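Colleague: I have not worked with this structure before. Could you take me through how its chains meet?

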There are 2 protein chains.
Amino acid sequence: MPSCRLAAWRAGADVNQALIFYHFGTVADLIDAACREAVDSSIDGYRQQFAAVGSFVELLRLGRELHDRERATGNVAIMAQLMAGAQSNERLAATARYCLARWNAELETVVARLVDGSAFDGLLDPAGLARAISSGFLGLELYEGVDSAGAHDALEALERLGVLVEVVDELPPIAQRALRVKLRRRTRT
Amino acid sequence: MPSCRLAAWRAGADVNQALIFYHFGTVADLIDAACREAVDSSIDGYRQQFAAVGSFVELLRLGRELHDRERATGNVAIMAQLMAGAQSNERLAATARYCLARWNAELETVVARLVDGSAFDGLLDPAGLARAISSGFLGLELYEGVDSAGAHDALEALERLGVLVEVVDELPPIAQRALRVKLRRRTRT
DNA sequence: GTCTATAAGATGATAGAC
DNA sequence: GTCTATCATCTTATAGAC
């Protein structure tokens, strides 16, 4: 695939309209190529930073950085269009599925590492949590475009919640045992 | 505003196309009217159920019910289009802002009631949390359209997290005091 | 208020010269 | 491979008869 052309097009280069169809066939194919390239390169650029994440609060901080960057590059607007279109177009849904799966895989690795050996080991599901995080991120991206002050408040609230989670993780063993006992009683019901 | 017409149009009634412009002026005005009417009636129908929510897990359950209903009525698809369009169109952004503000107000009331007097009183910000919840809900709506199994996993993970929060809330006073001390030390840093 | 007809503009794509 | 020209179709209206 001529992704050099794609890069030029995304940069706003003044390319002949007919050439787009010559290279990509249909718009759906173009969008697919653009999104896959965008997510692949984005993830590639963040691999080391994901690997360096050592806590939920750090993960959230990385998320905020990513959020700012993706918005500045225009990827958020593209992703918003993609997700909206995907609701009623299976071709776009397949593209979106690829992008989400890539982010999910990255997130799941991090979440599994954080949960493993912590007080939450066995209590939380890394795969499900990764999906919850990526969909939450997605929602915040869209929310930000409409009410950026509100999005900021939401992120601050989540950060406080993250600190809370970490503090629970550092609770003395007696308290943690009490927590586990209560949890077991709850989930059995 | 002739919302009777709107209802007919939304029901898929075979209305003359020119009439839409006669009644609403522009498409943006039509979308605005449709969305406001949809969110107003939706919230109206859920007021009692919101009032009955007594815990975060119950709030999540109500969210799942709402999620299913909104998807079935097609409101999710409309909201997705609205949010995507709002990213680059201020007129649509204003409409979206209204819808989000209405849900936020409802959520904030519930969250404030849940936090008030609990172990999290003063530790969590109801307004920010309400916005985090509504944007998370929004993200899940979109995610569901692309990967419904993944959305289900995400909701299950969130429910487990909710149970965890409630269990922390029921921790013995000694453990809760330890938690608060640690938290204060953390947030000062 | 409601209908038919029509038009301006954008979008997605193809044909064919170079 | 790249360009110009042209297309069918859809969207967003407006005009004017009834």
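Colleague: How many salt bridges are there between chain A and chain B?

Modeller: The model is predicted. One salt bridge joins the side chains of B:Arg186 and A:Glu170, at 3.4 Å from N to O. Between chain A and chain B the count of salt bridges is four.

Colleague: Which helix gives the most to the side of chain A that touches chain B?

Modeller: Several helices of chain A supply at least two residues each to that side, among them α5 (75-86), α8 (148-169) and α9 (173-188). The side has 32 nonpolar, twelve polar and eleven charged residues. The helix that gives the most, with 15 residues, is α7(A).

Colleague: How much area do chain A and chain B bury between them?

Modeller: In this interface, 55 residues of chain A are in contact with 55 residues of chain B. A:Gln87, A:Tyr143 and A:Val146 supply 15% of the area that chain A buries against chain B, more than any other three residues. Of the area buried between the two chains, 71% is on carbon and sulfur atoms, and the total is about 4600 Å².

Key
Residues numbered from 1 in each chain as written. Chains lettered and ligands numbered in written order. Predicted model: local features only at pLDDT ≥ 70, side-chain atom pairs only at ≥ 80, totals over all residues. Heavy atoms only, no water. Contact = heavy atoms within 4.5 Å. Buried area = accessible area lost by both parts, 1.4 Å probe. Helix = DSSP H or I, 4+ residues; strand = E, 2+ residues; numbered from the N terminus. Nonpolar A, V, L, I, M, F, W, Y, C, P; charged D, E, K, R; others polar.
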